[in-house]
Amino acid sequence: MAYLTLKNINKIYPNGFHAVHNFNLEIEKGEFVVFVGPSGCGKSTTLRMIAGLEDISNGEFLINGKRANEMGPREREIAMVFQSYALYPQMTVYDNIAFGLTLQGVDEDIIEERVKKIAGILGLTDYLDRLPRALSGGQRQRVAIGRAIIRKVGVFLMDEPLSNLDAKQRVTMRYEIAQIHQNTGATTIYVTHDQTEAMTLADRIVVMKDGYIQQVGTPYQLYFEPQNVFVAGFIGEPPMNFLKGTVKNGTIHFGDIPLDLSKKLPSIQKYEGKDIVFGFRPEGIRLGSCENAYEITCNVELTEMLGDNTNVYVNAGSDRAILKVDSHDTPETDADITFSIPYDSVYLFDGETEMVIDCKG
Ligand code: ATP
């Protein structure tokens, strides 16, 4: 039996807005699940329904097999870390972390032992006497996490916990959150709009759009086996390149270059006259020629040096694509280059439904 079960969960706000549609998910004990998607897709609403901060309009939420729809937030044994940290400004770091246990009337000695242990894990030992205003953003965030994990709860919810930090702090805190999860083994649901955070932290990712789940899977599955155009474009940085075209004699055109789709999909005649989306990842190409690949010659518009690799923006006819190349192989701007896309690195999607086409079938 799953630890948390969400069965056909819907949220309709009092103004009639249907924010979450038929959300189905089972979460195992100890799993780290990330909800990811663009702003407004319903991630926070779903998290808040799990926390008991928002009513579930219909559907059923179970904790350990027991219906929890009507349980209050405390009864659910869930702790939440918010984007805004929500620390008490007049209280020291020690008191902020201890707060949940103090409220419960836990013995002072036990509180002290637990606060010190958690401060050690989070690198806050030297800051216990400070007020939140005398801390950096990253340190405040660690206090907020400490305050949540000091209560031994079953589930740990985090809503965009890193969004107030700068890029470097985010990387450090991401690592720390992964470490805390390894050390505590707490079931965690984490909301973010950042696909890198999702990919690096999650055991499983739930990709959402417009209130609907698009796909649930491991980071590997989402990257290599995206089920639709949205997931393929959302996971991966830079995003997957898409070329939309109509199949004529088994062929679509990249600019003025014909791509014979039967090489990828022997049964392409089924799609004759229909729209197809041809997808390939910027990092899925090779410069020059190679076997079992589509070969394309095009013009370099712009290059972006990122360190060990470089994004090359190319233009073929009316279509633009990004290629990720080793920086040592960076072509000149305005040069004509040839690159290859191995058939294995090509994804085909139905142009109408935007669902992936099974090319093995
Ligand atoms: P973000 O990343 O911007 O926080 P999100 O994916 O977490 O986005 P939600 O906050 O869950 O999105 O909001 C989902 C949708 O529900 C949005 O379109 C939002 O405008 C709407 N919404 C949120 N709260 C309410 C409310 N109280 N009443 C009506 N609509 C709401």
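**View 1. The largest pocket and the elements around it.** Strand 6 (78–81), helix 2 (93–103) and helix 4 (137–149) each bring at least two residues to the lining of the largest pocket. Helices (H or I, at least four residues) and strands (E, at least two) are DSSP runs, numbered from the N terminus. With four residues, strand 6 makes up the largest share of this lining. The largest pocket holds about 470 Å³ of space. Of its 19 lining residues, R74, I78, A79, M80 and R151 are the closest to the centre. By class, the lining of the largest pocket has 15 nonpolar residues, one polar and three charged. Here Ala, Val, Leu, Ile, Met, Phe, Trp, Tyr, Cys and Pro count as nonpolar, Asp, Glu, Lys and Arg as charged, and the others, Gly among them, as polar. On a 1 Å grid over the protein atoms alone, a pocket is an open set of points with protein on both sides within 12 Å along at least five of seven lines, a cavity is a set of points where a 1.4 Å probe fits but cannot get out, and lining residues have an atom within 4 Å of a point. Grid points are joined across faces, edges and corners, and a volume is the space filled by probe spheres set on the points.

A word on the model before the next views: it is predicted, so local features need pLDDT of at least 70 and side-chain atom pairs count only at pLDDT 80 or more, while totals for chains, interfaces and linings use all residues. Residues are numbered from 1 along each chain as its sequence is written, and side-chain values use heavy atoms, with hydrogens and water left out.

View 2. A search of the whole structure turns up one cavity of 30 Å³ or more. About 60 Å³ of space lies in the largest cavity. Its lining is made of F32, I149, F156, M158, I177, I180, H181, T184, A186 and T188. Seven of the lining residues are nonpolar and three are polar, with no charged residues.

View 3. The strands follow the order 2-1-4-5 and pair in the antiparallel sense. Two strands pair if DSSP finds at least two bridges between them. Strand 2 (18–27) and strand 5 (66–67) stand at the edges with a single partner strand each, so one side of each has no neighbour in the sheet. Helix 1 (residues 43–51) packs on the sheet, touching strand 1 (4–12), strand 2 and strand 4, and its direction makes about 120° with that of strand 1. Contact means heavy atoms within 4.5 Å; axes are lines fitted to C-alpha atoms, for helices over the stretch in contact, and angles run from 0 to 180 degrees between N-to-C directions. Strand 4 (residues 58–63) is joined to strand 5 by two bridges, and I63 stands opposite K66. In strand 1, look for N8, a residue other than glycine with a positive phi near 50°.

**View 4. Strand 9 between a parallel and an antiparallel pairing.** Strand 3 (residues 32–36) and strand 9 (residues 204–209) run parallel, with four bridges; V207 is the bridge partner of V36. Strand 9 also runs antiparallel to strand 10 (residues 212–217), through five bridges, and M208 stands opposite I213. Two residues lie between the strands of this hairpin, where D210 takes a positive phi near 50°.

View 5. The chain is divided into domain 1 (4–233) and domain 2 (240–350), with bounds that come from an automatic or database domain assignment. Their C-alpha centres lie 39 Å apart. Eight residues of domain 1 and seven residues of domain 2 take part in the contact. E237 and P238 are joined by a cis peptide bond, with omega about -10°. P238 sits in the loop between helix 8 (229–234) and strand 11 (241–246).

View 6. The order is 15-19-16-17-18, with antiparallel pairing. Strand 15 (286–287) and strand 18 (319–326) are at the edges, each with a single partner strand, so one side of each is left without a neighbour in the sheet. Strand 15 is joined to strand 19 (residues 336–342) by two bridges, and L287 stands opposite F339.
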